[in-house]
Structures are given as structure tokens and as C-alpha cells.
Amino acid sequence: MLNLYKPRRQIIAEAVSVLSSYGVSQEVRDRLTVIFDEQGDRELYRANPRLLAAHLQLHERTALQLLVMALREGLVTLNWEVECPACGGIDPAHHHLHELRSLHTCPACKTIHETNADDQVRVTFTLDERLRKLTAAADDPDFRNKMDRRYGTVSAHHMLTLPTFRQLFPKETLPPNESLLIRRVAILFTDLAGSTQLYTRRGDTQAYELVHRHFDLLFRIVDEQRGAVVKTIGDAVMAAFTEPHQALQAAIAMHTQLNQLNQDLALPPDDWLRLKIGIDAGPCVSVTLNDRLDYFGTTVNRAARVQNASYPGSITITETLLQDMVRVDSFRGWQRQQRALRLKGIDHPVTVYDLAPPRGSQDSRSGTSTHRQA
Ligand SMILES: [Zn+2]
């Protein structure tokens, strides 16, 4: 039968039903169908994802994941909108990441400014016209400003660190030689202590199986703490988080859960999987390397070097990260000890903090017995 004779609700419901293949429940699909069918035109044109999350009664991140799946299936289109720091005008002309440039010229006031992925670039979604044709009245800047003030916006940086986006749109990258400024990102590096000895003692197959399980565990924790795995280098993992406290929570969970895994597998103490973790936070640039998004800059270098100077079972963080930790309960009883660290390429020593698990905890019994010897 021709679409012409189908009621709009049915067309939308059929289109939305494809999301079941992503594991989206019937209940959420029904809610999305109702929103696409019944909301006003203004609410579905260049829509603030946080407004849609409120309508969907979903957590912002869950709603964003749902919208990325809808984008993959062509139910919505994505806009990367650049806000001019001079006149406040918004340029919505970018549908793909590769259309963004390091320097942006405001179409309204012609100011040339850097594209900062936290402050200047935001994402919005528009309902695809195949599902429902929006009227000209849908384009209402006053309404959008009001919603942005009420709900806050979702930054490009937030979108770039959403694992669902990276998985479903691996080709969405920045053009070569272009970069986005990220005002603040927390970079976490891990490395598996003693993995060479592990391979020697247990043989390649068994050791690889253990290392693989450790990767699974780390990837899951990074996702739970709303971060993104940027890459793995040998047995090391590099992950990015928009909030420093998320990086710290991830690090604590990694140690705790890895110790649990060691016990569950009844590994002899010599073969325990132990991590050395380092975290720093600060500005960096996002670029595309080998068709993948990556981060570069002093923050990344410092995080890697701090990780290198960390001890098995402990977490080493920089002063910057500590100052950013507004929530005291973020440390979950982990004790911190200050030390001065000399880093390659930096003249004066930098202050870092080694975090050790609370005394008497499972982590302290197993993890940091080698704390000062490393
Ligand atoms: Zn402007």
C-alpha cells in the first residue's frame, strides 16, 4: 500500500520499530513514536537533546544513545551547530563532523574564531521529513534559546565521547589537518603491571585470555563512567572523560573489580592482574588519526607520564585533577600522598598525588603492598 494512505502515526511507528534491533524496548519506542507524532513542530526542529530527554523521561545519556541509533536509521538528522562568541549567532550549517574547521567564520558578523568543542559547538536533532513534514513555523530561534537556557545544551565534546556514536559512526571524523579545541578533558591511562612475566609464567594462550578479560572489564567500566576508550597500546588503555570525577571513579572501580576477578579466578598472587593508573585533566585538541578520533596536547602527555610513574594497585593524579575534584566523596576513602615528580620535557617538578585504597579493604590487602618499592 502507498504511504499516502497510511496515517502519520503508523508511518512513524513502523519507522521507529527498527530500533528494536538495537535492543530498544517497546515502551521507549512507543514514547518516541508519540513524541515524533504529537509534539509541536518547534520541538522537533534542531531540537535540544536535553529537551527530548525530558519528553522521553530518560536520562540525558540514554536519550542521546537512542537519538544516535535513530540517526543511524535515518529517523532524525544531526546538526553540529557553531555558536559565535562575538555575536552569539548560531551557524547550523554542519551535518557532518568533517565539515567543521579549526577556525570558524561567523556567517552573521564575520568574526573568525576558534571552534571549541565544549563551548562553541553543540549538537541538535531534527525529525526526518520522511516521517513528518515540519512547517516553516518550526524554525523559531526564540523558542530554541528559551529551551537552551532552561535545559542547557549538549556539546560536541560530549557527543564525541559517547561510545554509541563512535561505534555507529566510525567514519565521522575531522578532516586531516583540522582540529577541535577541547577546553577540558580528563585523560586516563592504565597499564598492566608485570604482563611480560605473566606471559612467561602462564604461556601465551592463557596469559592472552587473562589480558583479554582485563580489557573487557576496563572497557565496561569506562562506559559505565560515561567515558570513551580512545585506544589501546599493547596492554595499555587510554580513555577520555568529560568530567574528572568520572575518570577517578573509573580508576577506583578498575582496581576494585580487577582484584575481585583475581580472586574469582583463584589466581596465585604472583599472577594477579594489577594496574598502574595515571590521570590528568586540562585542555587538549581533538584530531583524526588513522580514521579515528584521538586527543593530543600537554594534558595527554602528562597523563601518560604520570601513569608511567604510578605504582601497581595505586592511582596517580595531578594537582590539576585534585583541584577539580569538587566532590570530596569522590575519593571513597582512598588515602592520598603527595610527591614531587620530574617529568621529561618539564623543567620544574610537578606535584602529583598517589592514591592508595582504604586500609583493610580488599584493594589494600592485594593491590598496593608493593607501593613504595616500584
Ligand atoms: Zn558572530
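A salt bridge here is a side-chain nitrogen of Lys or Arg within 4 Å of a carboxyl oxygen of Asp or Glu. Keep that in mind as you work through these exercises on a predicted model.

**Exercise 1. Which residue forms a salt bridge with D223, and how far apart are the closest N and O atoms?**

Solution. Start at D223: its partner is R61. Next, check the distance: the closest N and O atoms are 3.3 Å apart. The cut-off is 4 Å, so the pair qualifies.

**Exercise 2. Describe how domain 1 and domain 2 meet.**

Solution. First set the bounds: domain 1 covers 3-168 and domain 2 covers 180-370. Their centres, taken over C-alpha atoms, lie 34 Å apart. Now turn to the contact, where 16 residues of domain 1 touch 15 residues of domain 2. Together the two domains bury about 1,600 Å², with 57% of that area coming from carbon and sulfur atoms. On the domain 1 side, H157, T161 and R166 provide 34% of the area buried against domain 2, more than any other three residues. Finally, count the salt bridges between the domains: there are two.

**Exercise 3. How are helices α3 and α4 oriented to each other, and which residues make the contact?**

Solution. Take the axes of α3 (residues 49-56) and α4 (residues 60-72): they come within 9 Å and cross at roughly 105°. Angles of 65 to 115 degrees count as roughly perpendicular, so α3 is roughly perpendicular to α4. Then list the residues: α3 contributes P49, R50, L52, A53 and L56, while α4 contributes E60, A63, L64, L66 and L67. Sorted by class, this contact has eight nonpolar and two charged residues, with no polar ones.

How values were computed. Residues are numbered from 1 along each chain as its sequence is written. This is a predicted model: local features need pLDDT of at least 70, side-chain atom pairs count only at pLDDT 80 or more; totals for chains, interfaces and linings use all residues. Side-chain values use heavy atoms; hydrogens and water are left out. Axes are lines fitted to C-alpha atoms, for helices over the stretch in contact, and angles run from 0 to 180 degrees between N-to-C directions. Helices (H or I, at least four residues) and strands (E, at least two) are DSSP runs, numbered from the N terminus. Angles under 35 degrees count as roughly parallel, over 145 as roughly antiparallel, 65 to 115 as roughly perpendicular and the rest as oblique. Contact means heavy atoms within 4.5 Å. Ala, Val, Leu, Ile, Met, Phe, Trp, Tyr, Cys and Pro count as nonpolar, Asp, Glu, Lys and Arg as charged, and the others, Gly among them, as polar. Domain bounds come from an automatic or database domain assignment. Buried area is the accessible area (1.4 Å probe) that two parts lose on being put together, summed over both.
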